[in-house]
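Dear colleague,

Please find below the structure for your review. My notes on it follow directly after.

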Amino acid sequence: MAALRSTWRRNLLSVSLLLLAALHSMDVGARPANMSAAKEKAPEGKDENEILPPDHLNGVKMEMDGHLNKDFHQEVFLGKEMEEFEEDSEPRRNRKKLIEIFTKVDFNKDRSISAKEMQRWIMEKTEEHFQEATMENKNSFRAVDPDGDGHVTWDEYRVKFLASKGFNEKEVAEKIKNGQDLKLDEDTQEVLESLKDRWFQADNPPPDQLLNEDEFLSFLHPEHSRGMLKYMVKEIVRDLDQDGDKKLTLSEFISLPMGTVENQQAQDIDDDWVRERKKEFEDVIDGNHDGIVTMEELEEYMDPMNEHNALNEAKQMIAVADENENHSLELDEILKYSEYFTGSKLMDYARNVHEEF
């Protein structure tokens, strides 16, 4: 089922990629078949009672579909302040905000950011994402636990999920109660089967087929639970593993989704995809550099609260902007590379930097 789901998803997304390339609307940072790269920002006024696990997890290095999180370094640098750095935001305001962030990261106030200071900051911002997910989960759990007994059965969740998809809630509840066929379309049935597997994985031992609020948080956000993180890694490996050995080789990790490249722009995107994943595989994920990534290595790589990973990420982020090669960041460097850290390009970044600082 997972392999079928992966093939269907990759085919559909590859078609979308080619259409976008033909329209010349793909940004240069995009990658083939990456749902996170193509996703639009959630509209304001998002439903607080969202009960479906999100496709994207803030502060986690890899997406649920096995693609690299292209916004990871911005998420762990900005935390909950990401929304303040919109592309159309006023540059001077963004510049002032970035200076404020610099002063906070510079813990010892020596006007430079060391790897240790950046590591500390990354851990703080990751914790912010965790707290945000926990707060959102309270609303989500109330939506599926209307009687307030603190526990939700799979059938209760199934009713709420189908109701959110336009099905009549009372009719669905009655049919489930009486053991009747729900007559769902193939796509909806496939999503439900995947959710059911995930639901029972989130049911901590001893299993009682009920989820409490903490277990429901793990169901929605697997990064909050060691057991669910293992499950997420298992699903990713299953989708990418071509020979069934439950490990990933470099060729498996960088293999392109199915589809035909029809123009140079699409070819360039494919080339970027391969280069990016090859570098991440060899430099970061494959800890012992034996050319094989095990589930244990991938789990360590994806653990958002891993301090060793945070230090490595800090060093990588500093290296991007460290023009004077002193292994730390000064204010003018971080302003010059603002697009990397915030997603927002600042104009005249060096103007009056020292005066403003």
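A crossing of two helices counts as right-handed if the near helix is turned clockwise from the far one by less than a right angle, and as left-handed if anticlockwise. By that definition, the crossing of α6 and α8 is right-handed. Please bear in mind throughout that this is a predicted model.

Overall architecture

The protein chain has 357 residues, of which 45% are buried. Its secondary structure comprises 17 helices and 4 strands. Of the contacts between residues at least 6 apart in sequence, 63% join residues at least 24 apart.

The pair α6 and α8

Two packed helices are described by the angle between their axes and the distance between the axes. For helix α6 (residues 154–164) and helix α8 (residues 186–201), the axes come within 11 Å and cross at roughly 145 degrees. Which residues in α6 and α8 meet? On the α6 side they are W154, Y157, R158, F161 and L162; their counterparts in α8 are T188, V191, L192, L195, K196, W199 and F200. By class, the residues of this contact divide into 9 nonpolar, 1 polar and 2 charged.

Rolling a probe the size of a water molecule over the atoms shows where empty space is left. The structure holds 2 cavities of 30 Å³ or more, and the largest cavity has a volume of about 100 Å³. Its lining consists of 14 residues, with K61, F72, D303, P304 and N309 lying nearest the centre. The lining of the largest cavity is made up of 7 nonpolar, 4 polar and 3 charged residues. Four helices each supply at least two residues of that lining: α3 (72–78), α5 (115–144), α13 (295–302) and α14 (307–321). Among them, α14 gives the most, with 3 residues.

Residue S140

Helix α5, named above for its part in the lining of the largest cavity, also contains S140. Is S140 buried or exposed? The relative accessible area of S140 is 4%, so this residue is classed as buried, the cut-off being under 20%. The C-alpha atom of S140 is separated by 8.9 Å from that of L52, and the two residues are 88 apart along the chain.

With kind regards

Note on methods:
Residues are numbered from 1 along each chain as its sequence is written. This is a predicted model: local features need pLDDT of at least 70, side-chain atom pairs count only at pLDDT 80 or more; totals for chains, interfaces and linings use all residues. Side-chain values use heavy atoms; hydrogens and water are left out. Axes are lines fitted to C-alpha atoms, for helices over the stretch in contact, and angles run from 0 to 180 degrees between N-to-C directions. Contact means heavy atoms within 4.5 Å. Ala, Val, Leu, Ile, Met, Phe, Trp, Tyr, Cys and Pro count as nonpolar, Asp, Glu, Lys and Arg as charged, and the others, Gly among them, as polar. On a 1 Å grid over the protein atoms alone, a cavity is a set of points where a 1.4 Å probe fits but cannot get out, and a pocket is an open set with protein on both sides within 12 Å along at least five of seven lines; lining residues have an atom within 4 Å of a point. Grid points are joined across faces, edges and corners, and a volume is the space filled by probe spheres set on the points. Buried means under 20% relative accessible area, exposed over 50%, partly exposed in between (1.4 Å probe, protein chains only).
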